[in-house]
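Me: I have the model open and would like to go through it bit by bit. Could we start with a single residue and work outwards?

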Amino acid sequence: MPFLSRTIHQAVKQIMEHKKLTCLIIGMISARALPPFYAFPLLFLTISGFLLILNTSHNKKQSFAYGYWFGFGYFACNMAWIGNAVLIDSAKLGWLFPIILLAAGGFFGLFIALPALLSALFKSFYAKWLSFSAWWVIFEWIRSFIFTGFPWNLLGSVLAFNTHLLQAASVVGTYGLSLAILLIMGAPALIIYYRNKISLWVTLGTIVLILGSLTGYGIHHMSEQDNTPSTTKIRLVQPAIPQEMKWNKQKLEENLEQYIHLSQSQNSQDIDFIIWGETATPFALDFEPEYMEKIKPAIPEKGYLITGLVRYEISEDKFRPLNSAFIIDKTGKIINYYDKSHLVPFGEYIPFRNYIPNQIQPLTDTISDFLAGDGAKTIEIPGQPSLGISICYEIIFPHQIINSQNKPDWLINLTNDGWYGISQGPYQHLVTTQLRAIEEGRTIVRAANTGISAVINPYGKILAQILLNQKGIIDINLPQQLYIKTIYGEMGNFIPLILCIINILIAFTIKNK
């Protein structure tokens with residue numbers, strides 16, 4: 001025991017002498033709670049530990065610094081998969097990998113630093129706990145739209161190891177789940193700081209009340225699901241083409257042949273929709289009729305092919321690409337289409353491209369200057385349930401994935417996660433899709449070139465999937481219960497933001513206690 005006591009004392013002493021480094025390390029550790037690792041209990045240590053360190057700051061500058069280094073470690077680790085994209089051409093772009101890690105931590109660290117700074121307004125530790133939790137979530141929301149937005153890895157996704165715990169997203173959204181996690185994980189710090197019975201009861205009450213509510217609501221909500229199959233049958237096609245081969249000029253026709261072959265590998269007489277992934281065909285089918293003829297045998301006799309591709313429009317006296325999806329019938333007629341509207345910065349376009357120094361221009365030339373579409377739309381097909389389409393990372397934006405004025409019955413997400421190899425990225429992308437399904441109460445069909453293709457019901461349950469880097473098809477009837485009405489789907493972010501404001505108001509009432 002004396003040895004253990006001395007060890008703890010020395011550890012605490014080192015932490016107090018190197019607080020910024022400690023914040024960096026516990027931020028990095030916190031990232032392990034996210035999919036696909038789900039080291040959920042670590043957050044009791046890291047969030048509570050961070051709050052205790054934050055409480056030792058003597059001024060707002062220190063509070064900002066502690067939050068920044070925590071955020072730097074957290075985001076650099078949980079977004080490390082982005083760097084895999086430059087390793088596809090490692091000889092030319094591999095040197096950018098460490099820069100991407102530093103940039104992710106350096107920029108997104110601000111979204112933890114600012115909540116830490118704002119929590120410095122309060123002397124009461126109770127108030128710091130409440131306000132920091134609320135401001136973290138508010139800045140998650142801000143992250144969804146500032147500089148076009150990137151709400152990746154919202155903290156609420158750490159609950160995805162258990163679908164029941166996610167069901168409250170149908171009411172409070174993923175932002176509401178994030179708030180619940182922060183309140184739970186920060187509560188043990190109250191016992192350590194106050195060391196009295198009141199703090200013990202507040203901590204236990206918070207954990208039991210929130211986790212109990214999440215569990216109880218989840219069990220009740222999922223008891224209402226009905227996966228009885230409908231008459232609408234789909235076929236998902238995942239060829240698992242490695243990213244380094246996908247745009248290889250010598251392999252383009254062979255890649256298309258893989259899609260066609262897999263689509264024809266089983267009888268498609270009763271298939272209503274064959275669904276290919278993002279940019280599945282590298283050819284502009286509306287400009288190159290010979291390739292439209294080539295894919296016709298892959299289209300069901302009485303159904304449709306939905307495929308991602310790059311199409312072109314004339315803009316500013318030149319052809320400009322759009323990341324699109326076509327719905328094509330057996331005759332080769334394009335009956336409808338969707339253009340991706342939320343483009344990926346530094347992937348599909350370069351912000352402020354004209355202002356970039358000349359020496360960096362050769363790198364920007366490798367990124368196309370895509371046009372953006374007009375936003376979410378609902379597509380009506382005679383005799384079939386209405387559908388919406390989102391492409392790739394558009395699915396990560398809460399309450400922005402469907403046309404709110406004319407909601408579709410189900411949603412298709414076309415993607416290609418081949419850029420990110422065997423990393424946490426594809427798994428996190430899948431979890432994000434599950435959360436959108438729960439929030440909007442919509443069945444979502446996810447078709448990937450490679451990644452994880454899946455059929456997800458309105459409760460976020462995966463009904464069928466093709467695993468990462470596996471080649472294959474899924475034939476499945478969509479559920480009869482394609483959609484349900486959800487409170488979050490109707491009210492959006494109003495409820496989670498109100499909950500955050502309530503937390504901040506309570507913090508102000510006890511700020512000096």
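**Starting from one residue**

Me: Which residues does Thr307 touch?

Reply: If residues up to four places away in sequence are not counted, Thr307 touches Trp276, Gly277, Ala280, Thr281, Leu285, Ser324, Ala325, Phe326, Ile328 and Leu414 (contact means heavy atoms within 4.5 Å). Residues are numbered from 1 along each chain as its sequence is written, and this is a predicted model in which local features need pLDDT of at least 70, side-chain atom pairs count only at pLDDT 80 or more, and totals for chains, interfaces and linings use all residues. Side-chain values use heavy atoms, leaving out hydrogens and water.

Me: And where is Thr307, and is that spot buried or exposed?

Reply: Thr307 belongs to strand β3, which covers residues 304–315 (strands are DSSP runs of E with at least two residues, helices runs of H or I with at least four, both numbered from the N terminus). With a relative accessible area of 0%, Thr307 is buried (under 20% is buried, over 50% exposed, and in between partly exposed, using a 1.4 Å probe and protein chains only).

Me: What sheet is β3 in?

Reply: It is in an open sheet of six strands, ordered β5-β4-β3-β2-β1-β12, with mixed pairing. At the edges are β5 (334–339) and β12 (472–479), each of which pairs on one side only (two strands pair if DSSP finds at least two bridges between them). Neighbouring strands here are turned by 35° against each other on average, if direction is ignored.

Me: How many bridges join β4 to β5?

Reply: Strand β4 (residues 318–329) and β5 run antiparallel and are joined by five bridges. Ile328, one of the residues that Thr307 touches, has Ile334 in β5 as its bridge partner.

Me: Which helix lies across β1, β2 and β12?

Reply: That is helix α14 (residues 252–263), which lies across β1 (229–238), β2 (273–275) and β12 and runs at about 145° to β1. Such angles run from 0 to 180 degrees between N-to-C directions, and axes are lines fitted to C-alpha atoms, for helices over the stretch in contact.

Me: Leu414 was on your list too, so what is its bridge partner in β9?

Reply: Its partner there is Ala447. Strand β8 (residues 410–415) and strand β9 (residues 443–448) pair in the parallel sense over six bridges, within another open sheet of six strands, whose order is β6-β7-β8-β9-β10-β11 and whose pairing is mixed. Its edge strands, β6 (378–379) and β11 (462–466), each pair on one side only. Helix α17 (residues 424–440) lies across β8, β9, β10 (453–456) and β11, running at about 160° to β9.

Me: Is Gly383 buried or exposed?

Reply: Gly383, in the loop between β6 and β7 (387–391), counts as exposed because its relative accessibility is 80%. Its C-alpha atom is 34 Å from that of Gly418, although the two residues are 35 apart along the chain.

Me: New topic: how do α2 and α3 cross?

Reply: The axes of helix α2 (residues 19–30) and helix α3 (residues 42–54) come within 9 Å and cross at roughly 155°, so the two are roughly antiparallel to each other (the term applies to angles over 145 degrees). Residues in the contact include Cys23, Ile26 and Ile29 of α2 and Leu43, Phe50 and Ile53 of α3.

Me: What about α2 and α4?

Reply: The axes of α2 and helix α4 (residues 60–78) come within 7 Å and cross at roughly 35°. Among the residues making this contact are Leu24, Gly27 and Met28 of α2 and Trp69, Phe70 and Gly73 of α4.

Notes
Angles under 35 degrees count as roughly parallel, over 145 as roughly antiparallel, 65 to 115 as roughly perpendicular and the rest as oblique.
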